[in-house]
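Have a look at it first, and then read my notes below.

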Amino acid sequence: MDTGSLAWGLVATALVLLMTPGVAFFYGGLVKISSVVSMLMLSFGSMGLIGGLWILYGYNMTHVDNPGQFAGNPLNDFGLSGLASAPHANENLIGVAFGATFAIITVALISGAIADRARFGAWMVFAGIWATVVYFPVTAWIWGGGWIQNLGTALFGKDSGIEVIDYAGGTDVHINAGAAALALALILGKRVGFKPGIQKPHNVPLTLIGASLLWFGWFGFNAGAEWLNGLKNVGLITINTLGATAAAIIGWLIIEKIRHGKPTSVGAASGAVAGLVAITPACANLTPGWALVLGVLTGAVCAVAIELKFVLGFDDSLDVVGIHLVGGLIGTLYLGFFATGTGLFVGGDFRQLVVQTIAVFAVLIYSFVAAYVIGWVIQKTMGFRVTNEDEIAGVDSVVHGEDGYALTPVSTATSEHSL
């Protein structure tokens, strides 16, 4: 592989890794001041644990020999010693590192649903088990030769030209994480005083910094895999990642203005993330105009969807369900209608929509059920949620012994001297 492609693979890997601190800042600004350290730690804990598990055995599980296999053998090349000494080690290991960043951020995304009330140790146990039994196998299903990757051939024949489209993770990342987030929100229950307007973001600029890092890193997220494809579609992917995200901001702000009278900066940041989620599976298979439509639609729908938690009675603290699950569903199913050449309304037929729908709900159901079982067992054994008293006191000091901000009062003498 030429050095330019290798360089882009390295840069894309770094961009996607930066997205997880972006998630941490985005979430961290939204929580109350006594939970910001905990929120950051849930993401950074994912970086440490999932990065290590991916190298030890996770990557091995993401490739199968036939579509009927659940996952690859985790002990096949434990610790990647074989791959590191094999021919073409440079491109292979950069590919492994690139995949690790996807695993890391998928787990980190889930944490937003349990903000303000989760034990860090229990979260780490959940993250390791869920990644092993859900994320790694689902990656094999979608991208590693598994049944979802071969679904079009199985249903319609190898000459049909129909295959599940998920370029960068609408199902594997966003629907997967969103379904798990819903399960954990149900397991941990509602925060003390749960109701509309339960809390205001303690640091709006931090949230916007996080959203900006996410948008910046998302160009690596979506266009990164093109280093293996000769950068053939990198222009289309780039403009769609820009356009859908921009349009989603507008869609979200319009709904905010209609429903609440004022467009907000947090709404703009949330709309951007919703647009990024929706374009993830579709970035290489839509014309730019249809990408703009997808963005506006997703921003508007997600702005409404985040209110459903109050109607349905589940406490998804930071709207992982309303943004990532709903946005992932919209972006992946949208391809059934508008994917270039195969979508129902742009020269194709119903078959693209069929395979997209099967893939979406298979991953959603499997992830939800598995996360619910894992979370329930953890809650009943070691305990997943902090006590109500600790939640009110603040999980930062109780769980981590730290405060997000050192707010030292200025003495009277110092104040008078400065005057």
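First, some housekeeping. This is a predicted model, so local features need pLDDT of at least 70 and side-chain atom pairs count only at pLDDT 80 or more, while totals for chains, interfaces and linings use all residues. Residues are numbered from 1 along each chain as its sequence is written, and side-chain values use heavy atoms, with hydrogens and water left out.

**Overall fold**

The protein chain has 17 helices and zero strands; helices (H or I, at least four residues) and strands (E, at least two) are DSSP runs, numbered from the N terminus. Along the principal axes, the C-alpha atoms fill a box of roughly 80 × 50 × 45 Å. Buried residues account for 53% of the 419, where buried means under 20% relative accessible area, exposed over 50% and partly exposed in between (1.4 Å probe, protein chains only). Of the contacts (heavy atoms within 4.5 Å) between residues at least 6 apart in sequence, 78% join residues at least 24 apart.

**Pockets**

On a 1 Å grid over the protein atoms alone, a pocket is an open set of points with protein on both sides within 12 Å along at least five of seven lines, a cavity is a set where a 1.4 Å probe fits but cannot get out, and lining residues have an atom within 4 Å of a point. Grid points are joined across faces, edges and corners, and a volume is the space filled by probe spheres set on the points.

The largest pocket holds about 980 Å³. Its lining has 33 residues, with Trp-143, Gln-149, Tyr-167, Ala-225 and Leu-228 nearest the centre. Helix α4 gives the most, seven residues, and α2 (36–61), α5 (120–143) and α8 also supply at least two each. By class, this lining has 17 nonpolar, 12 polar and four charged residues. Here Ala, Val, Leu, Ile, Met, Phe, Trp, Tyr, Cys and Pro count as nonpolar, Asp, Glu, Lys and Arg as charged, and the others, Gly among them, as polar.

The second largest pocket has a volume of about 850 Å³. Among its 28 lining residues, Gln-199, Val-266, Ile-306, Glu-307 and Asp-319 lie nearest the centre. The largest share, five residues, comes from α9, and the lining divides into 13 nonpolar, seven polar and eight charged residues.

**Cavity**

There is one cavity of 30 Å³ or more, and the largest cavity has a volume of about 60 Å³. Of its 13 lining residues, Val-23, Leu-109, Leu-214, Trp-218 and His-324 are nearest the centre. Helix α1 provides the largest share, four residues. The lining has 11 nonpolar residues, two polar and no charged.

**One residue to look at**

Phe-338 sits in helix α13 (residues 320–338) and counts as buried because its relative accessibility is 14%. Leaving aside neighbours within four places in sequence, Phe-338 contacts Asn-285, Leu-286, Trp-290, Gly-343, Phe-345 and Val-346. Gln-352 is 14 residues from Phe-338 in sequence, and their C-alpha atoms are 9.5 Å apart.

Best wishes
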